Amino acid sequence: MMADDIANNSLNPTKGKIINQPKGENVYHGVKKDYTGKENITPDVFLKVLQGKKSELKGICSERIIDSGPNDNVFVYFSGHGAPGIVAFGHKFLHVVDLMKALKNMHTTKRFAKLLFYMEACESGSMFENQLTPNMNVLGVTAANATESSYACYYDKMRQTYLGNVFSGNWMENSDQANLNVETIGGQYEIVRKRTKDSHVCQFGDMVGINPMVVAKFQGTKISEQGVRRIPDPNVDAVRSEDVEFEIMGHLLASAPQTDKEKYSTQREEEEKKRKTVDSLIRKIVSIATNHNGEQIQRFLTTQTTLSEHEAYKVVVEHLADKCPELGLREQYGYALKQLHAFVHLCNEIDNPQQAICDAITKASQ
């Protein structure tokens with residue numbers, strides 16, 4: 001499943017090619033694409049594919065599903081933008097409550113023996129923390145804990161973008177190089193955890209049952225066509241995912257000829273203004289929702305906490321995204337997604353959070 005908007009993008013100088021590391025091979029050639037286009041890459045389609053609901057996917061791309069049963073091991077890898085309790089699919093969000101309902105349904109209906117879920121996203125730990133019980137036979141491995149960013153890496157001057165992410169680069173390199181019939185899931189986790197410097201790679205769920213299993217049980221045994229070439233250290237130029245656009249502007253400004261510097265400088269100034277707009281609106285909403293409690297406002301805006309009120313938070317985030325389009329949440333604006341930690345505090349701590357916060361959002365947006 002992929003939006004498929006990179007290979008032939010007008011900004012891609014190597015049409016039809018995608019690389020994910022410096023001087024890397026084209027990883028787009030021959031890739032199998034069952035679902036493409038942002039209109040088809042949605043949480044609803046993803047969860048139906050995962051649960052094998054073929055009859056509900058008629059007319060949508062290939063209609064393929066994970067047709068698994070009680071003796072199958074399932075491997076899921078997601079890479080995208082995230083925030084507390086959500087990961088983004090185009091203009092929509094997959095909420096932790098909906099992901100857990102799907103995984104529990106798969107477990108109940110015996111659609112896997114074991115399920116391994118690798119997730120590359122900011123705050124990805126929040127999608128599994130305190131959600132998976134060992135008897136579900138699911139292990140979640142995340143690029144970051146529940147309150148921190150994941151990191152992009154490998155800035156490419158020609159393409160003017162970052163090529164990959166630190167966590168993903170590390171686990172893929174290990175899978176390319178290791179004997180997957182020998183290396184265990186727990187072994188790969190330890191290697192990747194140690195090599196990922198700026199975020200905390202985490203595990204949740206059935207560690208006892210899945211960590212001793214060999215990686216081949218989930219990822220297969222195909223030998224990488226790239227051989228055993230080591231990738232450069234992805235930590236060297238790593239940047240927080242929500243800062244990628246801002247950092248790209250900095251690279252362009254630094255390398256631009258004098259005649260173009262004003263253009264890129266203006267772009268950075270516009271980005272800074274956009275961030276201030278986000279900060280101002282979020283502060284206004286928090287202030288209204290807390291009845292202008294100064295201590296709460298400061299703490300909610302500047303500290304992180306773990307989400308506990310998932311159902312209320314889901315309603316609040318959807319209302320916020322719809323009522324305040326200037327935040328850019330539907331466009332996956334990373335800086336705004338990062339500020340959702342304030343709404344985690346609100347949902348966890350104030351009375352009647354769903355109604356009170358939605359009312360505050362509506363009032364602030366008028």
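In the predicted model, three strands form an open sheet in the order β2-β3-β4, and their pairing is antiparallel. The edges of this sheet are formed by β2, residues 82-83, and β4, residues 92-95, each of which pairs on one side only. Between β2 and strand β3, which covers residues 86-89, the antiparallel pairing extends over 2 bridges, and within this pairing Gly 82 is placed opposite Val 87 of β3.

A further open sheet of 3 strands, likewise described by antiparallel pairing, has the order β8-β7-β10. Here the edge positions are taken by β8, at residues 161-165, and by β10, at residues 239-240, each pairing on one side only. Strand β7, comprising residues 151-156, is joined to β8 by antiparallel pairing over 4 bridges, and Asp 156 stands opposite Thr 161 in β8. The strands β7 and β8 form a hairpin in which 4 residues lie between them, and Gln 160, located in the turn, adopts a positive phi of about 55 degrees. In a regular strand, side chains alternate between the two faces of the sheet.

With regard to the chain as a whole, the secondary structure of the protein amounts to 13 helices and 10 strands. The radius of gyration of the protein chain is 21 Å, close to the 21 Å that the globule rule gives for 366 residues, and the chain is therefore as compact as a globular protein of that length. The C-alpha trace, when followed along its principal axes, spans about 60 × 55 × 45 Å.

Of the 366 residues in the protein chain, 51% count as buried, the criterion being a relative accessible area under 20%.

The surface and the charges complete the description. The accessible surface of the protein chain comes to about 17,600 Å², and carbon and sulfur atoms contribute 49% of this area. The protein chain carries 43 positive and 46 negative charges, and the mean positions of these two sets are 3 Å apart.

Notes:
Residues are numbered from 1 along each chain as its sequence is written. This is a predicted model: local features need pLDDT of at least 70, side-chain atom pairs count only at pLDDT 80 or more; totals for chains, interfaces and linings use all residues. Side-chain values use heavy atoms; hydrogens and water are left out. The radius of gyration is taken over C-alpha atoms; the globule rule is 2.2 Å times the number of residues to the power 0.38. Buried means under 20% relative accessible area, exposed over 50%, partly exposed in between (1.4 Å probe, protein chains only). Accessible areas come from the Shrake-Rupley method with a 1.4 Å probe; for residues, only the protein chains shown count as cover. Lys and Arg count as positive and Asp and Glu as negative; His and the chain ends are not counted. The place of a charge is taken as NZ of Lys, CZ of Arg, CG of Asp or CD of Glu. Two strands pair if DSSP finds at least two bridges between them.
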